[in-house]
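Hi,

Here is the structure I promised to pass on. Have a look at it first, then read my notes below.

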Amino acid sequence: MRTRHLLGEIGHVVVAPDKFKGSLTAADAASAISDGLTAVDPSVRIREFPIADGGDGTVDMVLRQGFTAVTCQVTGPLQSTLSATYGWKDGTAVIEMASTAGLSALGSAAPNSTTARTASTRGVGQLISDALDRGARKIVLGVGGSATTDGGAGAVTALGGRILDGDGDSVYPCPSDLGFAHRLDLTGLDPRMADVELVVACDVDNPLLGSHGASAVYAPQKGADTHTVRLLDRALTRWADVVADAVGDDVREVPGVGAAGGIAFGLHAVFGATLVSGIDLLLELTCFEDVLSGASLVIVGEGSLDAQSLRGKGPIGVAASARRAGVPAVAAVGRSSVTSEQATAAGLDGVYALADLEPDPDRSMADARTLLVEVGTRIAREYSTTPTAHRMDVR
């Protein structure tokens with residue numbers, strides 16, 4: 001057993017939340033928690049470290065930790081031109097798919113069955129090409145928050161691939177047209193792709209097709225109705241067939257290739273992209289171990305702590321890293337559906353939920369910042385006003 005100390009006595013506090021979706025960005029959440037801590041102990045040393053695990057906020061995360069912003073014009077999911085920013089440092093580019101092919105990139109077009117059928121990942125391939133122009137040796141693609149279900153066809157064509165129909169004419173790389181695909185011509189692929197390390201940061205294990213695939217599981221979140229889900233799965237099946245013929249290998253069943261509408265499939269099959277845990281990779285890129293050095297407490301957070309979180313989402317990845325470093329971790333969340341035993345097994349000494357302060361979900365989301373400040377004060381009081389209390393060792 002260890003004795004609790006005043007927060008400021010033995011080390012700094014790392015405040016590392018993910019976003020509270022619909023309420024607060026990760027940076028806003030970190031600021032609110034920090035305000036709660038300093039309200040109780042103004043002397044506490046805090047290191048704010050807002051996180052993401054591949055979706056919205058990924059580029060912001062790396063920019064806060066020393067990466068430089070690069071902005072360029074690319075094709076959005078519905079063919080309009082938009083500006084997208086990625087992170088750059090020492091030959092490594094960190095690209096956020098959501099910036100160019102995400103739901104937020106649909107503009108005024110609400111996600112619906114039409115956008116689900118026509119959205120393409122061409123802009124993602126264009127960002128990769130821009131990074132190659134800068135001399136990238138490693139490209140990391142975070143794939144959360146996508147609006148697309150094209151199996152990565154758009155990205156492949158932006159990097160030199162050509163999808164042809166039975167008459168040899170080009171097929172536009174979106175689901176509504178992929179059903180006409182007859183052959184994938186790879187002779188014009190950008191040769192620089194052979195020399196770059198391409199990494200897809202994803203945290204799912206879905207295959208490309210079927211009841212657990214990209215269409216069935218994720219397309220309804222992108223506006224697809226039941227009929228459209230079936231159309232998307234047929235389109236991806238056709239795409240998988242022509243890709244397998246072109247590359248001589250069928251990877252449609254590889255765990256994780258169904259991520260983000262199957263872009264992981266296209267990049268893995270055509271370019272040999274490696275699929276890895278998003279949060280683990282991002283923590284490595286941002287040298288999180290250095291931030292943990294000398295810390296006395298880590299506070300993670302997200303809108304909902306649930307079974308999906310326990311499969312390795314951002315906050316749990318941070319908690320696992322803290323455990324390995326011997327630093328206790330607690331979670332400040334909007335709501336929690338995990339048991340205390342599950343939380344402990346995931347490396348959390350405690351879970352503090354906004355729902356315990358305000359049970360009404362709408363009010364909790366509307367007042368998230370105020371409630372999160374209060375949660376910060378509760379954590380501070382528990383870790384600074386009871387120096388003789390005890391907690392479990394973190395092993």
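First, a term you'll need: buried means under 20% relative accessible area, exposed means over 50%, and partly exposed is in between (1.4 Å probe, protein chains only). At 10% relative accessibility, Cys202 therefore counts as buried. You'll find Cys202 in the loop between β10 (197-201) and α8 (214-218); helices (H or I, at least four residues) and strands (E, at least two) are DSSP runs, numbered from the N terminus.

Some housekeeping: this is a predicted model, where local features need pLDDT of at least 70 and side-chain atom pairs count only at pLDDT 80 or more, while totals for chains, interfaces and linings use all residues. Residues are numbered from 1 along each chain as its sequence is written, and side-chain values use heavy atoms, with hydrogens and water left out.

Back to Cys202. If you skip its neighbours within four places in sequence, its contacts (heavy atoms within 4.5 Å) are Val143, Gly256, Ala259, Leu275, Val276, Ser277 and Gly278. Lys313 is 111 residues away from Cys202 in sequence, yet their C-alphas are 9.5 Å apart in space.

Next, helix α13 (residues 314-324): eight of its 11 residues are buried, among them Gly314, Ile316 and Ala319. The cover over those buried residues includes β2 (12-17), α11 (278-285), α12, β12 (295-305) and β13 (329-336). After α13 comes Gly326, with a positive phi near 75°.

Now the nonpolar cores, meaning sets of buried Ala, Val, Leu, Ile, Met, Phe, Trp, Tyr and Cys residues joined through side-chain atoms within 4.5 Å. The largest has 57 residues, and Ile139 and Trp239 have the most contacts inside it. Helix α10 (residues 259-271) is its biggest contributor, giving nine residues. There is also a second, separate core of 36 residues, which includes Val199, Leu292, Ala319 and Val333.

Last, the rings. There is one aromatic pair in the structure (ring centres of Phe, Tyr or Trp, using its six-membered ring, within 6.5 Å; planes under 30 degrees apart are stacked, over 60 edge-to-face, the rest tilted). The partners are Phe49 and Phe288, tilted at 55° between the planes and 4.9 Å centre to centre. They sit 239 residues apart, with Phe49 in the loop between β3 (46-48) and α2 (58-63) and Phe288 in helix α12 (residues 288-292). Both Phe49 and Phe288 are buried.

Cheers
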